[in-house]
Amino acid sequence: LQDMECPYLTLKALDEFHSIEIRRSYWDKKHDDLLMQHNVSLHMLYIESIRNMEDRWIKPSSETLKTLKQLKTAGLKEQFIKVVRSESMYGYMMLGTGTVDYPDQNGQEDVVVFGGAEKLK
């Protein structure tokens, strides 16, 4: 959605197989601190983090994943977000996939491009 669009009207115009996904529109983790002070935005960050891990946008180590599962089971959302924020891909968004011929111009590699923290990975 663009800033001027109304989510309710957009949903009414779409068929039943579409939905609207609400995500953060910033890449700087510092803004999370303010959002974590409010229950609704804390829950949104929590759900987005879980979704990003399910989609493999964030790939925590096995040890971190174990800690995150324990925090999720205990319902400790703020601590969960603090742990997941330490992951290198936290706050990045998948921009797309492609094929490159670098560094070997005779071969091709499939790549996934992520953007965040004013960088591409």
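**Before selecting anything**

This is a predicted model, in which local features need pLDDT of at least 70 and side-chain atom pairs count only at pLDDT 80 or more, while totals for chains, interfaces and linings use all residues. Residues are numbered from 1 along each chain as its sequence is written, and side-chain values use heavy atoms, with hydrogens and water left out.

**Stop 1: the whole protein**

Display the entire chain as a cartoon. The protein has five helices and three strands; helices (H or I, at least four residues) and strands (E, at least two) are DSSP runs, numbered from the N terminus. Along the sequence, the order is α-α-α-α-α-β-β-β. The radius of gyration, taken over C-alpha atoms, is 17 Å, well over the 14 Å that the globule rule gives for 121 residues, so the protein is more spread out than a compact globule. That rule is 2.2 Å times the number of residues to the power 0.38. Along its principal axes, the C-alpha trace spans about 55 × 45 × 25 Å.

Of the 121 residues, 26% are buried. Buried means under 20% relative accessible area, exposed means over 50%, and partly exposed lies in between (1.4 Å probe, protein chains only).

**Stop 2: helix 3**

Select residues 39-54, which form helix 3. The expected span of a helix is 1.5 Å times one less than its number of residues.

**Stop 3**

Select R56, in the loop between helix 3 and helix 4. R56 has a positive phi of about 65° although it is not a glycine. With a relative accessibility of 49%, R56 counts as partly exposed.

**Stop 3: the salt bridges**

How many salt bridges does the structure hold? There are three, a salt bridge being a side-chain nitrogen of Lys or Arg within 4 Å of a carboxyl oxygen of Asp or Glu.

- Select D33 and R85, whose closest N and O atoms are 2.8 Å apart. This pair links distant parts of the chain, with D33 in helix 2 and R85 in the loop between helix 5 and strand 1, 52 residues apart. D33 is partly exposed at 39% relative accessible area, whereas R85 is buried at 16%.
- Select R51 and D55, whose side chains meet at 3.1 Å, N to O. R51 is partly exposed at 38%, and D55 is partly exposed at 36%.
- Select E78 and K82, with closest N and O atoms 3.5 Å apart. Both lie in helix 5, four residues apart, about one turn of the helix.

**Stop 4: M94 in strand 1**

Select M94, a residue of strand 1 (residues 93-100). M94 is partly exposed, with a relative accessible area of 35%. Beyond its neighbours within four places in sequence, M94 is in contact with W57, V112, V113 and F114; contact means heavy atoms within 4.5 Å. The C-alpha atoms of M94 and V112 are 7.3 Å apart, although 18 residues separate the two in sequence.

**Stop 5: a nonpolar surface patch**

Finally, select W27, L95, V113 and L120, which form a nonpolar patch on the surface with about 390 Å² of accessible area together. Patches are made of residues with over 30% relative accessible area and no salt bridge: like charges are joined within 9 Å, and nonpolar side chains (Val, Leu, Ile, Met, Phe, Trp, Tyr) within 5 Å. W27 sits in the loop between helix 1 (7-13) and helix 2, and at 38% relative accessibility W27 counts as partly exposed.

Conventions. Areas by Shrake-Rupley, 256 points an atom, 1.4 Å probe, with all protein chains shown as cover.
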